[in-house]
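This briefing is meant to be read with the sequence and the coordinates open side by side. Please follow the topics in order, moving from the chain as a whole to single residues.

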Amino acid sequence: YRANLTQTGTDAPKETVISNTLGADIVWSYDGIGAYFGTLSGKFLEGKTFILHNTPSGNNRTVNVFRGDDNYIEINTYDNAGLLADDLLDVESIQIIVYP
């Protein structure tokens, strides 16, 4: 799965999918300030899920992306003060590879 993600206000991240070989679509949702889930039931297997992301330069923010469990990926965004904040995903590139 390769996509670019953007997010504003309290909206769920919006994706521009470049490629998706996961067999189904990830459903992105807003969980709270600076916290977002990408859900796909039973797909993100422990020890077999590899995630890369790229935060564009020039923005004072930190983005953490990690596997929560077999069912979801979590994204947290932090402002330059280290506080969870919205409106910070701006063409965030993400790649998720799940090995057989």
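The points below describe a predicted model, beginning with the overall fold and going on to selected residues.

The protein chain contains 0 helices and 8 strands, so that, read from the N terminus, its elements run β-β-β-β-β-β-β-β. Of its 100 residues, 34% count as buried, and 53% of the contacts with a separation of 6 or more are made by residues 24 or more positions apart.

**Overall dimensions and surface**

- The radius of gyration of the protein chain is 13 Å, which agrees with the value near 13 Å that a compact globule of 100 residues would have.
- Taken along the principal axes, the box filled by the C-alpha atoms of the protein chain is roughly 40 × 25 × 25 Å.
- The protein chain has an accessible surface of about 5,500 Å², and carbon and sulfur atoms hold 50% of that area.
- Among the side chains of the protein chain, 6 are positive and 13 are negative, with a distance of 10 Å between the centres of the two sets.

- Glutamine 95 belongs to strand S8, which spans residues 90-98, and its side chain makes a polar contact of 3.0 Å with the side chain of arginine 2.
- Once neighbours within four places in sequence are set aside, the contacts of glutamine 95 are Tyr1, Arg2, Phe50, Ile51 and Leu52.
- Leaving out neighbours within four places in sequence, isoleucine 97 touches Lys48, Thr49 and Phe50.
- Although isoleucine 97 and arginine 2 are 95 residues apart in sequence, their C-alpha atoms are 8.7 Å apart in space.

**Threonine 49 in strand S5**

- Threonine 49 is found in strand S5, which covers residues 49-54, and a polar atom of its side chain lies 2.9 Å from the backbone oxygen of leucine 45.
- With a relative accessible area of 19%, threonine 49 is buried, because the class requires a value under 20%.
- Beyond its neighbours within four places in sequence, threonine 49 is in contact with Lys43, Phe44, Arg67, Ile73, Ile96, Ile97 and Val98.

**Isoleucine 26 between strands S2 and S3**

- Isoleucine 26 sits in the loop between strand S2 (14-19) and strand S3 (27-32), and at 4% relative accessibility this loop residue counts as buried.
- Apart from neighbours within four places in sequence, the residues in contact with isoleucine 26 are Tyr1, Glu15, Gly38, Thr39, Leu40, Phe44 and Ile96.
- Phenylalanine 37 is 11 residues from isoleucine 26 along the chain, and the separation of their C-alpha atoms is 9.3 Å.

- Aspartate 87, a residue other than glycine, has a positive phi near 65°; its place is in the loop between strand S7 (72-79) and S8, and its relative accessibility of 47% makes it partly exposed.
- Valine 91 is likewise not a glycine, yet its phi is positive at about 60°; valine 91 lies in strand S8 and, with a relative accessible area of 42%, is partly exposed.

**The segment after strand S8**

- Proline 100 is found in the segment after S8, where its relative accessibility of 89% places it in the exposed class, for which the value must be over 50%.
- The C-alpha atoms of proline 100 and leucine 45 are separated by 9.0 Å, while the two residues are 55 positions apart along the chain.
- Leucine 45 is also the residue whose backbone oxygen lies 2.9 Å from a polar side-chain atom of threonine 49.

Notes:
Residues are numbered from 1 along each chain as its sequence is written. This is a predicted model: local features need pLDDT of at least 70, side-chain atom pairs count only at pLDDT 80 or more; totals for chains, interfaces and linings use all residues. Side-chain values use heavy atoms; hydrogens and water are left out. Helices (H or I, at least four residues) and strands (E, at least two) are DSSP runs, numbered from the N terminus. The radius of gyration is taken over C-alpha atoms; the globule rule is 2.2 Å times the number of residues to the power 0.38. Buried means under 20% relative accessible area, exposed over 50%, partly exposed in between (1.4 Å probe, protein chains only). Contact means heavy atoms within 4.5 Å. Accessible areas come from the Shrake-Rupley method with a 1.4 Å probe; for residues, only the protein chains shown count as cover. Lys and Arg count as positive and Asp and Glu as negative; His and the chain ends are not counted. The place of a charge is taken as NZ of Lys, CZ of Arg, CG of Asp or CD of Glu. A polar contact is a pair of N or O atoms within 3.5 Å; within protein, one must be able to donate a hydrogen and the other to accept it, and residues adjacent in sequence count only if both atoms are side-chain atoms.
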